Amino acid sequence: MIQRLILVAACGLAGLLNSAERPNVVLIFTDDQGMNDVGAYGSEIATPHIDSLGRDGMKFSQWYVASSICTPSRFGLLTGQFPTRSRDGLLSALMFLNDKERGIQQGEVTFPALLRKGGYHTALIGKWHLGHGAKTFLPTRHGFSEFIGHTGGCIDFYTMRYGIQRDWYHDEKHVDEYGYATDLITDEAVKFLKRQKKEQPFFLYLAYNAPHFGKGWDPTKELAVNIMQPPPADLAREGHIKDPVRRTFAAKVVNMDDGIGRVLAALKANGQERDTLVIFMTDHGGDYEFGGSNKPFRGEKATLFEGGIRVPCLMRWPGRIQAGSTNDAVLSALDLFPTICALAKVEVAGYPLDGEDITGILTGVQKTLPVRELLWHTGSHTELKRGTWTALRQGDWKFLETSKGEQFLFNLSQDQHEKANLKAQHPKLFNDLRKRRDALLKECLPKKNHAESQRQGE
Ligand SMILES: [Ca+2]
């Protein structure tokens, strides 16, 4: 009881603490950008502003996302849970035109919702992709005080529509805006940062749709179609790249990198740089069909080879994260929920989380975590000709089953590019991991959250 009283008192005080004691957080989350699409990770595409976060902070070599597909990756990021726990079974992409009944549910708690309760000002600028039918799916109902952006998987970068359907919001209202989506998102982020006051810490989820393809409209076929839409000036800058698809993709990346540079400059100009943890990561691996690349890793978006789920991740927090540091531990986007809440002094006990608090990794007092298990399960998607994949990482080992039923065992400490299938050499381990995969798929199902359990007296 005493502990509980202290906790309640601490929560009450939380709102009074200033941003110097609790950091602001800017989470830059980009779309379909692979390991070979960031300069700091060896790409031929120059991304000096993104790279600066690693130079002035920490670079991660084994940072995973919750899924290799947009919607479940974002579900895992915000709820801190394996997407298999999603109540609406969000294991594949929510399609804008015909998937209006499903999305993130009211009882599924996001960390921005806890931050907001704890006194943070929270905003999503950019892509949501966790539901677009009923208003109850909107980000304003899931922890964000402000929302400027779109709810579908992608938009026409010039009209802010999905094909010809409206999908650009200011909070819960549709708004007509024109320009270039990446630049608009950057402009809004800069304005948001300028509006913030020192007395209240903030969380900005800056979810660029770039470098993902856009969704235009073909009037002759009367169909929404995938289009790249690189800004012409940036396309000219990337003229040295021979492959035309890669060139259009690169143009979108450098345009976005410029925008990230403007966001970082705004933080500095507003005197927020030292008090702000900036995280850069991508939602999953690149898609070769649209110019992305995950080389030298195997696989891509919607697969569960490393190229689908291991992503670039850089974090900067001056004075707390050592500049130019690196970390090779097995970490996950699922870890951000408990970590950011710990930094924000917001209690998470009782929430069903699958990640770890990695504050010690960021501050350098800890180099690694105990052996951990990470589970992935992508849903099938007939429209996109995608089947179900599953994978389990346990320590250095990874079990993988493709949509065609091919099964693999990899030792990632010796073979991070997944060239050697060791299932015949290690039959017992292979079977143990396969059984463990089966058990976890049965175990990692929807759970009640803290408030729901309390209401029911559990
Ligand atoms: Ca994506």
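**Exercise 1. The nonpolar core**

Task: State how many residues the largest nonpolar core has and which of them have the most contacts inside it.

Solution. Start with the term: a nonpolar core is a set of buried Ala, Val, Leu, Ile, Met, Phe, Trp, Tyr and Cys residues joined through C-beta atoms within 7 Å. A residue is buried if 20 or more other C-beta atoms lie within 10 Å of its own, exposed if 12 or fewer, and partly exposed in between, with C-beta atoms placed from the backbone. The largest such core has 122 residues, and those with the most contacts inside it are I28, I125, L204, Y205, L206, F280 and M315. Helix α7 supplies the largest share of this core, ten residues. Helices (H or I, at least four residues) and strands (E, at least two) are DSSP runs, numbered from the N terminus.

The model is predicted: local features need pLDDT of at least 70, side-chain atom pairs count only at pLDDT 80 or more, and totals for chains, interfaces and linings use all residues. Residues are numbered from 1 along each chain as its sequence is written.

Next, take I28. Two residues are in contact if their C-beta atoms, placed from the backbone, lie within 7 Å. Leaving aside neighbours within four places in sequence, I28 is in contact with L206, I260, V278, I279 and F280.

**Exercise 2. Two helices against α7**

Task: Find the angle at which α2 and α7 cross, then do likewise for α5 and α7.

Solution. Axes are lines fitted to C-alpha atoms, for helices over the stretch in contact, and angles run from 0 to 180 degrees between N-to-C directions. Angles under 35 degrees count as roughly parallel, over 145 as roughly antiparallel, 65 to 115 as roughly perpendicular and the rest as oblique.

Step 1. The axes of α2 (residues 48-55) and α7 (residues 244-269) cross at roughly 50° and come within 7 Å. α2 is therefore oblique to α7. On the α2 side the contact is made by P48, H49, I50 and S52, and on the α7 side by D257, I260, G261 and L264. Counting Ala, Val, Leu, Ile, Met, Phe, Trp, Tyr, Cys and Pro as nonpolar, Asp, Glu, Lys and Arg as charged, and the others, Gly among them, as polar, these residues divide into four nonpolar, three polar and one charged.

Step 2. For α5 (residues 181-195) and α7, the axes come within 9 Å and cross at roughly 5°. These two helices are therefore roughly parallel to each other. Their contact has seven nonpolar, four polar and three charged residues.

**Exercise 3. A residue of α7**

Task: Decide whether R262 is buried, exposed or partly exposed.

Solution. R262 is found in helix α7. With 15 other C-beta atoms within 10 Å, R262 is partly exposed. Not counting residues up to four places away in sequence, R262 touches T186 and V190.
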